[in-house]
Amino acid sequence: LFSVVFYLGLIILGYLFSNYLFNDKRLALITAIFFMGHPFLLNFAREARAYEMGTFLSLLSSIYFFRFIINEKEFKNYRIILYSLFSISALFTTYLTATVFIAQGVIFLIENPKKKIWYSYATAWSFILIVFFMWVFGPGYEGFKTMNGYEKAFGIKAANYSDFENPRFIPVTLKNLVTCYFQVLLVEFGN
C-alpha cells in the first residue's frame, strides 16, 4: 500500500517539479504521463520495496534544492532543513539515491550561487553526511555484512551461468534491455 501511495505522490510531484522548473503546464502534464507509464515505477508500485519511497524523497529533495539554487529570492532556512531531512530519508531508503545527490552537487558547483547559499549548502551536507555515516558505521554495518554474503552468492551464480539453466537471469546487453522494456510494457498495458 505504501508503494502505491508513493507512486501516486511521484506523479503529482513530477507534475509540480516540471511546472516549477519550466513554467509550462503542458510539459508538466507530459512529465506526469511519463511517470504514470514508466514500467519500473509501475512494477515497484506493486511491490513492498523502498524504491518508490526513495524516488519520492529524492524528488522532494530536488524540489527544495532547485528552489534555493535557481531562485535565490526563495532562499529560506526552513527549506535547507527540509532539503536535509528529505535527503537523509532518501539515503536511508536506498543507496542508489546517492547518484541524485551527486548530480545535485555538480549542478550546485556549476550554478555558483552566492556565498550565503554556499555556507548553508555546506552546512546541510555536513549534517547529512554526519547522520548518514553514524548510521552506516552503527546499525547499518550489519546490513553491509548481509549484503556481502549475497554478493558472493550472486558472483558464484554469475560465474557458473549457462543459457538454459536459469531462464530468469538475463545478461545485460542493449538488445536484452530494449526487449525487456517492451515486454514489461506489454504486461502493464495488455498484449
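Both phenylalanine 65 and phenylalanine 66 are buried. Here buried means under 20% relative accessible area, exposed means over 50%, and partly exposed lies in between, with a 1.4 Å probe and protein chains only. The model is predicted, so local features need pLDDT of at least 70 and side-chain atom pairs count only at pLDDT 80 or more, while totals for chains, interfaces and linings use all residues. Residues are numbered from 1 along each chain as its sequence is written, and side-chain values use heavy atoms, with hydrogens and water left out.

**Overall picture**

The protein has nine helices and zero strands. From the N terminus on, the elements run α-α-α-α-α-α-α-α-α. Helices (H or I, at least four residues) and strands (E, at least two) are DSSP runs, numbered from the N terminus. Buried residues make up 32% of the 191 residues. Contact means heavy atoms within 4.5 Å. Among contacts between residues at least 6 apart in sequence, 68% join residues at least 24 apart. The protein exposes about 13,000 Å², and carbon and sulfur atoms supply 69% of it. Accessible areas come from the Shrake-Rupley method with a 1.4 Å probe; for residues, only the protein chains shown count as cover.

**Aromatic rings**

The whole structure holds 19 aromatic pairs. Rings of Phe, Tyr and Trp (its six-membered ring) pair if their centres lie within 6.5 Å; planes under 30 degrees apart count as stacked, over 60 as edge-to-face and the rest as tilted. Two of the pairs are set out here.

| Pair | Centre to centre | Angle between planes | Type |
|---|---|---|---|
| Phenylalanine 6 and phenylalanine 56 | 5.2 Å | 55° | tilted |
| Phenylalanine 65 and phenylalanine 66 | 5.2 Å | 80° | edge-to-face |

The pair of phenylalanine 6 and phenylalanine 56 links distant parts of the chain. Phenylalanine 6 is in helix 1, phenylalanine 56 is in helix 4 (residues 51-70), and they are 50 residues apart. Phenylalanine 6 is buried at 18% relative accessible area. Phenylalanine 56 counts as buried too, at 16%.

Phe65 and Phe66 also belong to one aromatic cluster with Phe17, Tyr83, Phe108, Trp118 and Tyr121. A charge meets a ring at tyrosine 20: arginine 67 lies over its face, at 4.7 Å from the ring centre. The rule is that NZ of Lys or CZ of Arg is within 6 Å of the ring centre and within 35 degrees of the ring normal.

Serine 61 lies in helix 4. Its relative accessible area is 0%, so serine 61 is buried. Leaving aside neighbours within four places in sequence, serine 61 is in contact with Tyr83, Phe86, Ser87, Phe101 and Gln104. Serine 61 and valine 100 are 39 residues apart in sequence and 9.4 Å apart in space, C-alpha to C-alpha.

Asparagine 19 is found in helix 1. At 18% relative accessibility, asparagine 19 counts as buried. Not counting residues up to four places away in sequence, asparagine 19 touches Asp24, Lys25 and Ala28.

**A nonpolar surface patch**

Phe22, Leu27, Ile30 and Phe34 form a nonpolar patch on the surface, with about 410 Å² of accessible area together. Patches are made of residues with over 30% relative accessible area and no salt bridge; like charges are joined within 9 Å, and nonpolar side chains (Val, Leu, Ile, Met, Phe, Trp, Tyr) within 5 Å. A salt bridge is a side-chain nitrogen of Lys or Arg within 4 Å of a carboxyl oxygen of Asp or Glu. Helix 2 (residues 25-37) gives the most to the patch, with three residues. Phenylalanine 22 sits in helix 1 (residues 2-22). Its relative accessible area is 52%, so phenylalanine 22 is exposed.
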